[in-house]
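Please keep the sequence and model at hand while reading.

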Amino acid sequence: MSGLMVIAEHRQGKLRACTKEVVGAALSLENDVVVAVLAAEPAKIAGELIGSAPSLLLMAHPSLADYNPEAYLPVLADLVASRAPRLVLLPHTSQGMDLAPALAGRLDLPLVTDCTGVEFGERITLSRQVYSGKVVERLVLEPAPSVVLTLQPGAFAEAAGGMETEVIETPVSQIEPKCARRLLEYIRAASEDVDISAAEILVAVGRGIGKSENVAMAQELAAAIGGTVACSRPVADAGWLPKSRQVGTSGKTVRPKVYIALGISGAFQHLAGMKGADTIIAVNKDPAAPIFQVADFGVVGDCLELLPALKRALAG
Amino acid sequence: MKIVVLAKSVPEVAEAELEVTADGSGLETEDLVLGINEWDNFAVEEAIRLRDAHGGTVEVLTLGDEEAEDVLRRALAMGADEATHLCDEAFAGSDPATVARLFARAITGEDFDLILTGVQSSDANNAQTGVLLAQRLGIAFATLATKIEMGGAGLVVHRELEADTEERVELPLPALVTVQSGINQPRYVSVMGIRKVRGKTVERLELDDLGLAPEEVGAPASIVSQRRLSLPEAGGSAEMIAGSMAEVSGRLAAIVREKGGLS
């Protein structure tokens with residue numbers, strides 16, 4: 001047991017940027033890092049990793065073209081069992097959340113998900129966010145030869161470039177003859193009239209807006225300042241605004257000049273979609289809301305009370 | 001069709017003031033209100049809708065202390081047919097792999113077609129139990145469902161990926177699917193509705209019933225040797241603005257004008 005193994009993530013022929021963060025996290029722990037790239041043509045996907053990872057394992061097979069846990073699992077199980085890396089690292093994404101528990105379950109390895117910090121000592125210590133991001137958890141693990149971890153996107157810096165990369169083509173032996181789960185197609189959400197990622201000022205509403213009717217107040221404020229209304233997940237889930245207005249990992253990533261977050265608590269999936277804004281103003285009743293961790297300016301209070309006053313102040 | 005749903009009782013923390021216990025190992029839960037994990041609520045609703053459309057029964061299971069039974073009562077009030085409570089002091093401190101193992105024991109031998117559960121729980125945020133259970137049962141699975149339709153080889157599931165993208169996958173039955181929030185609009189449950197199902201039986205399963213030894217479950221079997229919780233410093237680096245409504249809105253307006261490039 002030695003070294004760390006990163007499972008690269010790609011979709012529709014492109015490496016996903018979160019992979020570079022996971023490589024960066026691994027390299028901050030130790031230099032012996034291999035990145036396993038399972039794909040139909042892994043060399044095409046792995047190009048972006050050359051220079052930023054010490055070692056790439058290219059595993060080519062037509063059935064690995066698109067992610068399918070049943071195609072990936074036998075290949076990875078074989079690889080992990082034979083190399084026995086100290087850590088197997090994946091991003092905590094739609095793929096990592098699907099694959100990591102299946103891999104850990106299959107090999108009976110310990111799994112810790114959505115880590116924001118990893119420390120190596122005699123024992124492995126992990127930091128995570130729990131209770132809707134309001135509490136930080138530190139876990140010290142029981143000793144185990146290999147541990148599977150998923151890392152929170154955005155929590156780790158990408159690997160720096162300029163390093164020598166060894167590329168190893170690794171034959172794929174264990175292929176599931178027929179997968180029960182079958183990918184039918186990818187669907188891109190239809191583009192709407194408004195593209196929130198192009199807006200310079202976003203007025204974003206969250207659960208704290210209370211009810212559907214109150215969204216109009218945010219729309220009025222946005223209209224007064226030439227801004228656009230956006231939202232967090234619970235508002236789109238409830239159908240108060242269309243999904244196309246949702247900011248976050250599953251929706252849109254935005255970088256406006258000003259982002260006004262009203263009644264948004266700040267799940268990491270939301271923060272990942274807006275923390276690149278130049279100026280973030282957050283209004284929330286809960287002083288412990290995670291949104292204040294990324295805000296430049298914060299107001300502890302009820303956005304419903306503040307909205308009319310703010311609109312008056314800006315319209316005047 | 002028999003649909004099994006796994007639901008968890010969690011503390012509601014959205015606007016609660018949280019406090020870590022003196023030894024740092026947990027939260028002070030005395031003042032916290034417990035409720036069904038938000039994602040599991042969507043799973044219960046989805047199960048009931050599928051049953052209403054295609055026939056069959058819905059069984060809801062939970063693992064937790066005495067109070068967790070409220071989650072089952074609530075699910076029965078929503079329209080679930082049966083409820084099972086895995087309840088034993090020995091289960092405290094179980095890691096997700098053990099929880100999956102206990103659920104696997106509880107449903108082994110049942111003739112189920114579909115297992116639904118939430119993508120994750122708001123308290124521990126693990127997003128593991130569903131897939132670990134599928135792996136243990138050796139059945140097909142899909143996570144992060146935003147739509148579930150009967151058809152194809154069994155089920156067609158829309159999985160939420162990143163950046164406005166979804167994938168459509170086909171699964172044969174039996175299968176396990178983890179449900180993303182927003183998949184449906186869960187029905188409202190009234191106190192009256194919960195009272196009405198007072199007479200329904202909730203089956204109880206303890207450690208002995210599941211055929212495991214005390215050292216195989218709970219904290220002794222956990223991959224975690226030590227857990228410490230802490231609260232991040234409120235506000236972080238944000239400049240907090242306080243004052244009267246006029247002062248606060250005036251200050252915010254000035255910031256929006258300046259930073260937004262408004263005249």
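B:E160 and A:K243 form a salt bridge, with their closest N and O atoms 3.2 Å apart. The pair joins two chains, because B:E160 lies in strand β8 (residues 154–160) of chain B and A:K243 in the loop between α6 (233–237) and β15 (258–262) of chain A. This is a predicted model: local features need pLDDT of at least 70, side-chain atom pairs count only at pLDDT 80 or more, and totals for chains, interfaces and linings use all residues. Residues are numbered from 1 along each chain as its sequence is written, chains are lettered from A and ligands numbered from 1 in the order in which they are written, and side-chain values use heavy atoms, with hydrogens and water left out.

**Salt bridges**

- A salt bridge here is a side-chain nitrogen of Lys or Arg within 4 Å of a carboxyl oxygen of Asp or Glu.
- The whole structure holds 37 salt bridges over all chains.
- B:E160 is buried, at 6% relative accessibility, while A:K243 is partly exposed at 33%.
- Buried means under 20% relative accessible area, exposed over 50%, and partly exposed in between (1.4 Å probe, protein chains only).
- A:E137 and A:R128 pair at 2.7 Å, N to O, and both residues are buried.
- B:E66 and B:R204 meet at 3.0 Å, N to O.
- That pair links distant parts of the chain, 138 residues apart: B:E66 is in the loop between β4 (57–63) and α2 (69–78) of chain B, and B:R204 in strand β11 (residues 203–205) of chain B.
- Helices (H or I, at least four residues) and strands (E, at least two) are DSSP runs, numbered from the N terminus.
- Salt bridges with shared partners join A:E9, A:R11, A:R16 and B:E162 into one network.

**Negative surface patch**

- B:E17, B:E19, B:E28, B:E30 and B:D31 gather in a patch of negative charge on the surface.
- Such a patch takes residues with over 30% relative accessible area and no salt bridge, and like charges are joined within 9 Å.
- B:D31 sits in the loop between β2 (9–11) and β3 (34–36) of chain B.
- B:D31 counts as exposed, because its relative accessibility is 76%.

**Cysteines**

- The count is 0 disulfides over all chains, a disulfide being a pair of cysteine sulfur atoms within 2.5 Å.
- The closest cysteine sulfur to that of A:C18 is in A:C115, 15 Å away, too far for a bond.
- A:C18 is buried at 8% relative accessible area, and A:C115 is buried at 0% relative accessibility.

Key. Patch = residues over 30% accessible without salt bridge, like charges linked within 9 Å, V, L, I, M, F, W, Y side chains within 5 Å. Areas by Shrake-Rupley, 256 points an atom, 1.4 Å probe, with all protein chains shown as cover. Lys, Arg positive; Asp, Glu negative; His and termini not counted. Charge placed at Lys NZ, Arg CZ, Asp CG, Glu CD.
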